[in-house]
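Take a look at the chain below. We will walk through a few of its local features, one at a time.

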Amino acid sequence: CPRWGWPGVAGEAPCGRGCGGGLDGEGTGRAAPGSIRDGAGGVAVGAARRDATGSAGLPGDRLAITFDAPRLADVAALLPAAIPRPVAGQLHASGHVAIGNGVIGGNVEWRGQSLHAGAYAAATLQGRASIAPPATSPASSHGTLADRALAFDIAATRLALAGRTFDRVHASVTGSLARHP
């Protein structure tokens, strides 16, 4: 089961969904209702690791997040049930999340190799996505998700979908949901 450490606090959390005791984590920072200040922590499952550093909860806060899974099968038990099984391959991602006044924004870049999820597969997968961060001033309007700028770009090779395999696929979207009803 995971071990969590905060200055002056240590404990164990239940594994859930059969992680087999291979979940390990640590963290430091100052927690207050609705925010984390100067946080740094990570969680590992087998060879997979997720790390985060930064602050969250107040306007202008940012968290840097990385995810490195040289064997996706190590985290299969933690994935949502909607993801087809079995899963395999490598996935690496990094980005920033801005969380303030209950509104999330940020960006992520990812790359994967030899990916499989049930009948779906890709020899390579890379991409990036972003959503404009929340307003930094409490007096500013957050704007709805529909009003904030979004960008998404993804490329794959040997992509297998619905019984067909495509040698190369590339898709890109920019704008806001409000501008594209």
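**A walk along the strands**

S35 lies in strand 4, which covers residues 35–45. Keep in mind that this is a predicted model. S35 has a relative accessible area of 12%. The cut-off for buried is under 20%, so S35 counts as buried. Which residues does S35 touch, leaving aside those up to four places away in sequence? They are R30, A56 and G57.

Stay in strand 4, where D38 is also found. Now turn to the backbone. Most residues other than glycine have a negative phi, and most peptide bonds are trans. R158 sits in strand 10. At 46% relative accessibility, R158 counts as partly exposed.

The peptide bond from R85 to P86 is cis. Its omega is near -5 degrees. P86 belongs to the loop between strand 6 (63–69) and strand 7 (87–100).

Next come the aromatic rings. A pair of aromatic rings is described by the distance of the centres and the angle of the planes. How many aromatic pairs does a search of the whole structure find? The search finds 1. W110 and F152 form this pair, with 6.0 Å from centre to centre and 40 degrees between the planes. The pair is tilted. It links distant parts of the chain, 42 residues apart. W110 is in strand 8 (residues 103–117), and F152 is in strand 10 (residues 150–161).

Are the two partners buried or partly exposed? W110 is buried, at 17% relative accessibility. F152 is partly exposed, at 36%.

Definitions and conventions. Residues are numbered from 1 along each chain as its sequence is written. This is a predicted model: local features need pLDDT of at least 70, side-chain atom pairs count only at pLDDT 80 or more; totals for chains, interfaces and linings use all residues. Side-chain values use heavy atoms; hydrogens and water are left out. Rings of Phe, Tyr and Trp (its six-membered ring) pair if their centres lie within 6.5 Å; planes under 30 degrees apart count as stacked, over 60 as edge-to-face and the rest as tilted. Helices (H or I, at least four residues) and strands (E, at least two) are DSSP runs, numbered from the N terminus. Buried means under 20% relative accessible area, exposed over 50%, partly exposed in between (1.4 Å probe, protein chains only). Contact means heavy atoms within 4.5 Å.
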